[in-house]
Amino acid sequence: MTELSAAPAPSLTLGLPGFTYFDLYQPARLADLLRVFNAEVEADDTGLYHEFEAYRTCQGAGIPPEAISDLLVRMAPHVGRFVAKLFDVGGERDRQIVAIKEE
């Protein structure tokens with residue numbers, strides 16, 4: 001049986017300046033990425049950002065399941081956009097969105 005290499009592929013370039021693929025394996029750098037994501041969401045939709053922060057803080061305790069579901073659905077486009085930017089596949093994501101809407 002062969003072992004999988006734990007070392008990430010060095011050739012992948014991320015689409016966020018200041019971040020490298022190796023950062024995805026470093027807890028401190030993941031925290032930095034989360035800060036970038038949070039800042040983008042807050043700039044785009046302050047109300048949603050604060051709702052999501054409240055949800056993260058209480059980990060959903062006391063929030064009706066329907067409200068959690070609604071919150072996650074509203075956050076999904078922000079996550080998708082960020083991941084597309086992170087892996088520099090925004091153009092492909094945009095093409096897929098158009099294709100899906102045309103179906």
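At what angle do α2 and α3 pack, and how far apart are their axes? In this predicted model, the angle is about 125 degrees and the axes sit 11 Å apart.

**α2 against α3**
- The crossing of these two helices, α2 and α3, is left-handed.
- On the α2 side, the contact uses Leu-48, Glu-51, Phe-52 and Tyr-55.
- α3 answers with Ile-68, Leu-71, Leu-72, Arg-74, Met-75 and His-78.
- Sorted by class, the α2 and α3 contact has seven nonpolar residues, one polar and two charged.
- Leu-71 is worth a click: leaving out neighbours within four places in sequence, Leu-71 is in contact with Leu-48, Glu-51, Phe-52 and Tyr-55.

**α1 against α2**
- Here the packing angle is about 135 degrees, with the axes of α1 and α2 5 Å apart.
- This pair, α1 and α2, is therefore oblique too.
- α1 brings Leu-34, Asn-38, Val-41, Glu-42 and Asp-44 to the contact, while α2 brings Thr-46, Tyr-49, His-50, Glu-53 and Arg-56.

**The largest nonpolar core**
- This core has 15 residues, and the ones touching the most other members are Leu-16, Leu-33, Leu-71 and Met-75.
- Helices α1 (27–44), α2 (46–58) and α3 (65–86) are the elements that each give two or more residues to the core.
- α3 supplies the largest share, with five residues.

Terms used
Residues numbered from 1 in each chain as written. Predicted model: local features only at pLDDT ≥ 70, side-chain atom pairs only at ≥ 80, totals over all residues. Heavy atoms only, no water. Core = buried A, V, L, I, M, F, W, Y, C linked by side-chain atoms within 4.5 Å. Buried < 20%, exposed > 50% of the residue type's maximum accessible area, 1.4 Å probe, protein only. Helix = DSSP H or I, 4+ residues; strand = E, 2+ residues; numbered from the N terminus. Contact = heavy atoms within 4.5 Å. Axes fitted to C-alpha atoms, helices over the stretch in contact; angles between N-to-C directions. Left-handed = near helix turned anticlockwise from the far one by under 90°. Nonpolar A, V, L, I, M, F, W, Y, C, P; charged D, E, K, R; others polar. Parallel < 35°, antiparallel > 145°, perpendicular 65-115°, else oblique.
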